Amino acid sequence: MREQVVCKTTDIQPGQMMESVFGKQDVLVCRTPDGDFYAFRNQCTHQGAPLHKGMMCGATTEQSEPGEYQYCHRGEIIRCPWHGREFDIKNDGRMLANPDKKLPSFKVRVENENVIVYK
C-alpha cells in the first residue's frame, strides 16, 4: 500500500479544498462542512480542468426557478471552473448530471493532524 501525507488538518477549513500532490499525481483534497476529508484526482473528467480552481458549493434543488435558486448538499459539491460540471464529494465523486461518471478518488485518513492519502 502506498500512502503519503498531503497536508495538515489545519491547512483546510470545513467547506474548503486545496491542491496537493500524491506521488506524481495532482490531487484535490476536500474538507466538507462536517469536517470529513476526501481526495480526488485534480482534473475534471470532461476536459481536464484543474478542479482546485473551481469551487465547493451546493446543488440546486428541483424546486429552483430561474433567479430563485434553492440549494441542498451545501459544501459537498465540486464545481469545475471551466464548464460548471458538478461532482458529489460524498457520493464517490459522481457527476450530478451523469452519475455513471465519477472522479477518480483516493482513500483518506487522518492521524495526528496529518491528512494521509493512500491506495
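Which residue in S4 is the bridge partner of Leu-28? The partner is Phe-40. This bridge belongs to an antiparallel pairing of S3 and S4, which spans five bridges. Two strands count as paired if DSSP finds at least two bridges between them. Strands are DSSP runs of E with at least two residues, helices are runs of H or I with at least four residues, and both are numbered from the N terminus.

The model is a predicted one, so local features need pLDDT of at least 70 and side-chain atom pairs count only at pLDDT 80 or more, while totals for chains, interfaces and linings use all residues. Residues are numbered from 1 along each chain as its sequence is written, and side-chain values use heavy atoms, with hydrogens and water left out.

The UniProt record, an unreviewed entry, lists residues 4-117 as "domain: Rieske". UniProt positions are given in the numbering used here, feature names are shortened, and annotations may be inferred rather than shown by experiment. Over residues 4-117, the chain is 48% strand and 0% helix. The end C-alpha atoms of this stretch are 6 Å apart.

Six strands make up an open sheet with antiparallel pairing. Their order is S1-S10-S9-S4-S3-S2. Strand S1 (3-8) and strand S2 (16-22) stand at the edges. Each has a single partner strand, so one side of each is left without a neighbour in the sheet. On average, neighbouring strands of this sheet are turned by 30° against each other, direction ignored. The axes behind this angle are lines fitted to C-alpha atoms, for helices over the stretch in contact, and angles run from 0 to 180 degrees between N-to-C directions.

Within this sheet, S4 and S9 run antiparallel and are joined by two bridges. Ala-39 stands opposite Phe-106 in S9. S9 is also joined to strand S10 (residues 114-118), by five bridges and again in the antiparallel sense. S9 and S10 form a hairpin with two residues between them. Asn-112, in the turn, has a positive phi of about 50°. The bridge partner of Glu-111 in S10 is Asn-114.

Asn-114 is buried, with a relative accessible area of 18%. Buried means under 20% relative accessible area, exposed means over 50%, and partly exposed lies in between (1.4 Å probe, protein chains only). Neighbours within four places in sequence aside, Asn-114 is in contact with Val-5, Cys-7, Lys-8 and Arg-109. Contact means heavy atoms within 4.5 Å.

One aromatic pair was found. Rings of Phe, Tyr and Trp (its six-membered ring) pair if their centres lie within 6.5 Å; planes under 30 degrees apart count as stacked, over 60 as edge-to-face and the rest as tilted. The pair is Phe-22 with Phe-106, and it is edge-to-face. The centres are 5.4 Å apart, with 70° between the planes. Phe-22 lies in strand S2 and Phe-106 in strand S9 (residues 105-111), so the pair ties together parts that are 84 residues apart in sequence. Both Phe-22 and Phe-106 are buried.

Thr-32 sits in the loop between strand S3 (25-31) and strand S4 (37-41). Thr-32 is buried, with a relative accessible area of 0%. The side chains of Thr-32 and Asp-34 are joined by a polar contact of 2.5 Å. A polar contact is a pair of N or O atoms within 3.5 Å; within protein, one must be able to donate a hydrogen and the other to accept it, and residues adjacent in sequence count only if both atoms are side-chain atoms. Beyond four places in sequence, the contacts of Thr-32 include Pro-14, Tyr-38, Met-56, Glu-76 and Ile-89.

A further open sheet has four strands in the order S5-S6-S7-S8, paired antiparallel. Strand S5 (55-60) and strand S8 (94-95) stand at the edges, each with a single partner strand, so one side of each lacks a neighbour in the sheet. Strand S7 (residues 86-88) pairs with S8 over two bridges. Asp-88 has Arg-94 in S8 as its bridge partner.

Most residues other than glycine have a negative phi. Asp-92, in the loop between S7 and S8, has a positive phi of about 65°. Asp-92 is partly exposed, at 32% relative accessibility. His-73 lies in strand S6 (residues 71-79), and its phi is also positive, near 55°. At 42% relative accessibility, His-73 counts as partly exposed.
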